[in-house]
Amino acid sequence: MGSITIIAVCVAILISVLIAFLLWHFRWHTRAIHNIMLSQDVWEAYSPYTSAIECRLIPYEDVKAQVVVRYDGTDEVVGINFNWPPDVVGIPISKSTQIVMGIVRWDNTLERVTLVQTSLGPQLFFLDPWKVDERLRKSKSMILELDWDRIGPVHFVFNLKGASKAIGKIHGKYGEVL
């Protein structure tokens with residue numbers, strides 16, 4: 001009888017830990033990043049990583065993306081971080097920078113967006129961060145469509161539950177209320 005009670009307690013603890021981990025893992029977070037050049041912290045709100053829906057070609061079969069909002073008290077940057085530099089179709093504007101056109105579905109509203117990719121790196125930045133910030137705070141979901149070279153349209157679905165609170169928290173670090 002005693003060993004069954006111990007097993008039941010261990011199972012209950014494991015289930016509680018798993019639930020706590022899943023609730024933590026699948027929500028938006030905030031963090032401070034120290035900018036050594038400005039000797040100040042820059043705050044970020046960021047989503048969990050999400051996988052592409054249909055990208056199954058090597059080396060992109062495990063590509064993941066997350067939304068990041070960065071704020072320093074004056075300037076805001078909103079972008080998409082990838083775990084692998086995306087091979088997106090764009091219009092070169094210099095040797096190391098290209099303009100990327102995409103489509104975002106905010107809940108049930110479609111909108112064309114313009115992003116910038118620098119140094120063909122693993123980030124894309126929205127050209128209109130304040131507008132995207134507002135959409136992130138007011139929407140429940142976001143589907144991003146990007147045109148990938150040799151693949152075509154690739155979609156990422158982001159859950160925006162908790163985005164408004166996280167974005168409000170980083171603005172609150174500078175005394176602002178959204």
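Select V77 to begin: in this predicted model, V77 is partly exposed, with a relative accessible area of 35%, and it belongs to strand β5, which covers residues 76-82. Keep V77 selected and display its surroundings, where, leaving aside residues up to four places away in sequence, V77 touches V68, V69, R70, F125 and P129. One of these, P129, lies 52 residues from V77 along the chain, yet the C-alpha atoms of V77 and P129 are separated by 5.7 Å.

Next, select helix α3, residues 163-172, and colour its buried members, which are A163, A166, I167, G168, I170 and H171. Against which elements do the buried residues of α3 pack? Showing the neighbouring elements brings up strands β1 (29-35), β2 (40-46), β4 (64-71) and β5, together with helix α2 (129-138), as the packing partners of those buried residues. An α-helix has 3.6 residues a turn, so residues three or four places apart point the same way.

Stay on α3 and pick K165, a residue of this helix that is exposed, with a relative accessible area of 71%.

Finally, move to the loop between β1 and β2, where M37 is found. Is M37 buried or exposed? M37 counts as exposed because its relative accessibility is 73%, and selecting I36 and L38 along with M37 shows a nonpolar patch on the surface, whose residues have about 400 Å² of accessible area together.

Note on methods:
Residues numbered from 1 in each chain as written. Predicted model: local features only at pLDDT ≥ 70, side-chain atom pairs only at ≥ 80, totals over all residues. Heavy atoms only, no water. Helix = DSSP H or I, 4+ residues; strand = E, 2+ residues; numbered from the N terminus. Buried < 20%, exposed > 50% of the residue type's maximum accessible area, 1.4 Å probe, protein only. Contact = heavy atoms within 4.5 Å. Patch = residues over 30% accessible without salt bridge, like charges linked within 9 Å, V, L, I, M, F, W, Y side chains within 5 Å. Areas by Shrake-Rupley, 256 points an atom, 1.4 Å probe, with all protein chains shown as cover. Salt bridge = Lys/Arg side-chain N within 4 Å of Asp/Glu carboxyl O.
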